[in-house]
Amino acid sequence: MTAHSLVGLAGLNALYLVAGSAFLWLVRGAADWIDAARLLGLAYVSGVVLTGSVWTLLLIVGVPFSLGLVIGLPLVLLAAFALAGRRRGRSVPRGGRLEGGWPLVVTATGIAASGLLLEALFRPARLAGLYEFDGWSFWVPKGKAIYEFGGLDDGFFTSLPGAAYPPLVPTLDAAAFHAMGSADVVTIHVQYWLFGVGLVWALAALLAERVPAWILWPFVVLLLLAPRLGRRLQIVEADLFLDILFVLAAVLVLYWLLDRQRWRLVVATALLCGMVLTKREGLLLFAVLLGASLVASARERRSAWPALGLVTAVVAATAIPWRIWYVTHDVAGEGPSDGFVQRDRLDVLGPAIRRVFEVLWDPGYWNIVVPVAVIALVVAFLARVGRIAVFFAVLLALVVLGGIWATWVFSLTGEGYVVGGNFVIRFLGSAALLCVAASPLLLGATWAKVGGAPTPRDARPRRIRLAAAIVVVPLLAYPVAAMAGGAPRFPTRDECSRPATADAPDLEVVYGRFDDPRAADELLAKLTDVGFVGAETGVDPCGRWKVSYDAIDSLEQGEALAAEVRKAGFEAQVEHGG
Amino acid sequence: MSWWTEWPTGVIRTVVALLVGSVVIAVVVTYPGLVREAGEEADTNSAQAYVDREVAGGNGLVADQQALYAARALIPADATYHVAIASDYEGGDELTQGHAASYFRYALMPRRPEEGAPWVVCYGCDLAEYGPRAEVLWRGDEDVSIVHVPS
């Protein structure tokens with residue numbers, strides 16, 4: 001929760017960004033600086049996934065995880081991608097020109113609206129305590145274990161709940177702890193907020209390729225306003241991180257099916273590899289994405305399916321080492337313990353189906369994201385949009401079926417678990433986020449198909465100043481307004497020592513503060529021995545043992561006592577209590 | 001007008017516009033609430049006491065924050081410990097019985113939990129069962145103690 005932690009985290013994420021940018025430059029190139037800046041979000045997420053996946057695989061084979069590896073690997077990846085890019089003849093981006101006009105103004109409004117929301121969400125993330133049950137129960141302990149012991153410690157990794165979950169997210173947590181200089185479980189929330197920023201930037205940039213600004217940006221802002229999406233960006237769990245990878249990979253695979261630009265499939269493969277190293281649900285989501293891709297490319301199966309087969313082989317090769325690790329460490333597997341089909345629990349299937357649809361349609365979780373996507377899908381089919389509609393229809397159906405199946409087979413305690421458990425809510429975050437990505441693509445394609453007025457392209461630099469003002473003013477005004485109420489706090493364990501300078505009702509004389517209660521008791525005994533009776537020990541609100549005397553009526557009385565105590569060879573200070 | 005109403009393309013255009021419009025309305029309606037909520041949450045988080053923020057999910061569950069800090073101070077970083085909770089222990093909240101040990105595992109790392117370990121975090125337990133050499137190094141108000149049992 002210190003400025004030092006924030007600076008360390010910023011440094012680490014800058015490394016993710018440069019490694020990912022070099023990767024994207026290698027596989028895609030960049031036409032100009034505007035093009036490169038547009039794809040920074042995708043570069044960042046790619047950098048996180050590539051670096052994190054390599055760290056994870058190194059951990060699995062027993063390479064010690066240290067600060068050197070945390071800093072060194074992204075730098076090595078950066079150098080390797082940059083060298084490979086040069087060899088491939090990639091040129092450094094030059095110049096860049098914005099298309100002006102009203103679309104730029106709409107884009108600026110969307111960037112300002114979503115940027116301001118992200119700023120607002122940063123503030124609670126920075127000083128959030130770790131309240132999430134799964135967060136302190138196993139996700140963060142795994143990260144702490146990697147940080148403390150430098151590897152996949154057998155004792156912790158085989159006994160913590162969710163032992164079979166792959167360790168990509170704990171590895172990213174451990175990297176963040178190294179960068180922050182301590183296992184700062186408060187500032188770690190900022191790392192997850194940054195993943196959210198990466199998602200918004202990457203998704204908006206990808207969708208902007210095919211969706212007019214007036215259709216795109218309301219959905220991007222809506223993403224942040226959906227309670228179980230935007231309000232949970234900072235949650236220290238792997239669910240939303242998995243959903244981010246899944247949705248970006250889905251859009252990239254769809255685009256590849258549409259335009260066959262190979263870089264899209266390469267980046268999607270990297271994200272899919274990250275998915276299967278994140279959670280067991282990653283395997284399920286990979287399977288449904290593969291299924292939808294096979295269906296949507298059935299007509300070109302000769303050219304598309306071998307490439308999808310290669311992707312599957314790479315993803316499987318990435319997934320297997322972790323599965324070998326947990327099998328050889330006697331950890332129970334990721335699948336349902338009673339088998340993939342449970343005929344003796346058919347009575348739970350009905351409630352599981354009901355539960356999935358209740359959750360999907362609940363605006364308390366997703367705002368209006370899901371109904372809008374369903375209508376968009378129907379409209380897209382009516383307009384005969386084609387492959388985009390088929391891809392999303394199949395993918396959404398498979399994700400929902402996957403949710404029903406998982407809810408059913410993991411229904412450990414019958415109907416009560418199905419109805420009351422939150423597994424299905426967390427899993428269906430992937431469906432909701434997919435709806436956010438699908439809706440503008442479907443509506444944009446529909447609009448183009450039914451001859452909606454195309455957005456006029458305006459290469460002249462018009463309204464650029466207006467657009468710049470729309471972005472810059474609110475994004476600067478919000479933090480200024482927030483700081484007008486007081487400078488940001490960086491709490492430390494010393495903040496509970498508040499020397500008194502005037503009379504107050506809460507005065508006390510403090511003789512010392514200690515991390516060890518025995519030291520406090522020792523001081524109390526010494527003080528009592530020399531006649532300073534009435535003092536007490538107790539933990540202060542900063543978690544330190546304080547020896548103090550609180551029957552102080554005035555600053556003058558307190559100062560007199562403190563002077564007497566100091567004369568006897570001890571330390572003493574009049575402070576405000578609490 | 002017919003551009004918006006002709007069948008089917010006009011109607012489809014209208015539906016697209018209405019859908020985008022409904023999303024814009026949803027954004028306009030919910031946007032201020034999220035900004036306000038985030039600000040309030042930030043203020044709440046900032047105003048929290050250091051220990052409340054650090055213990056976070058363990059508040060209530062561990063019954064006594066002091067026990068956590070005492071355990072950290074007294075149990076060496078390379079030692080093993082055990083959390084023992086008497087079945088009739090009534091302190092804490094409804095999660096204490098089932099999850100206090102799990103919370104200590106998170107909060108006391110790198111110390112390792114182990115059955116029969118020489119360090120015990122005792123929740124209302126009968127100290128006699130640890131033998132005459134068991135030494136209570138700290139005892140809190142909520143009947144939680146940190147006990148060392150020399151091997």
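User: Are C122(B) and C125(B) buried or exposed?

Analyst: This is a predicted model, in which local features need pLDDT of at least 70, side-chain atom pairs count only at pLDDT 80 or more, and totals for chains, interfaces and linings use all residues. Residues are numbered from 1 along each chain as its sequence is written, chains are lettered from A and ligands numbered from 1 in the order in which they are written, and side-chain values use heavy atoms, with hydrogens and water left out. Buried means under 20% relative accessible area, exposed over 50%, and partly exposed in between, with a 1.4 Å probe and protein chains only. By this rule, C122(B) and C125(B) are both buried.

User: How many disulfides are there over all chains?

Analyst: A disulfide is a pair of cysteine sulfur atoms within 2.5 Å. One joins C122(B) to C125(B), S to S 2.3 Å, and another is formed by C496(A) and C542(A), with sulfur atoms 1.9 Å apart. Over all chains, the count is two.

User: Why is the disulfide of C496(A) and C542(A) described by a hand, and which hand is it?

Analyst: C496(A) and C542(A) are both buried. The torsion about their S-S bond is about 85°, so the disulfide is right-handed.

User: Which residues does E237(A) touch, not counting residues up to four places away in sequence?

Analyst: At 8% relative accessibility, E237(A) counts as buried. Contact means heavy atoms within 4.5 Å. The residues that E237(A) touches, with that exclusion, are E132(A), F133(A), D134(A), G135(A), W139(A), Y192(A), R232(A) and R426(A).
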